[in-house]
Amino acid sequence: MTRIGFKEIACVAFVLAVPAAALAAGPGFNCAKARAADEKAVCKSAALSRLDRQMQSMYREIQGCALMGARGANYDDQTDWLAKRKQCGANTRCIKALYDKRLAELKPDVKWARSERKAGRCPDQ
């Protein structure tokens, strides 16, 4: 019977962890489909990708608790934000500033959504 040592276990764990880590490192959208300069810039930057994942998570949390009319308004706001990001082109400073502003705008709504969810008042529950 062959004994498996720590090195072998560590190597297997690393190989299994790499794909998950690689997926988590990207933005909240598929970089293979990125065409615009802003999308490509987000895909190339770990920091911008992290901000994109954070924004996507917050947006989904809000949308999961919002009622119909609010969902439409939130969608329109997000679409407007994406148009502003596109205007940045590949300028990462511009893109980062927009993410920072958008995340700050979403924070109160996330707080509201969490309190609604805790009280059992979200449609997605």
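Trainee: Why is D77 called partly exposed?

Mentor: In this predicted model, D77 has a relative accessible area of 40%, and since buried means under 20%, exposed over 50% and partly exposed in between (1.4 Å probe, protein chains only), D77 counts as partly exposed. Residues are numbered from 1 along each chain as its sequence is written. Because the model is predicted, local features need pLDDT of at least 70 and side-chain atom pairs count only at pLDDT 80 or more, while totals for chains, interfaces and linings use all residues, and side-chain values use heavy atoms, without hydrogens and water.

Trainee: What makes A90 exposed rather than buried?

Mentor: The relative accessibility of A90 is 53%, which is set against the exposed cut-off already given, so A90 counts as exposed.

Trainee: Which residues does A90 contact, leaving aside neighbours within four places in sequence?

Mentor: A90 is in contact with A37 and A41, contact meaning heavy atoms within 4.5 Å. The C-alpha atoms of A90 and E39 are separated by 8.1 Å, although these residues are 51 residues apart along the chain.

Trainee: What share of the 125 residues in the protein chain is buried?

Mentor: Buried residues make up 30% of them.
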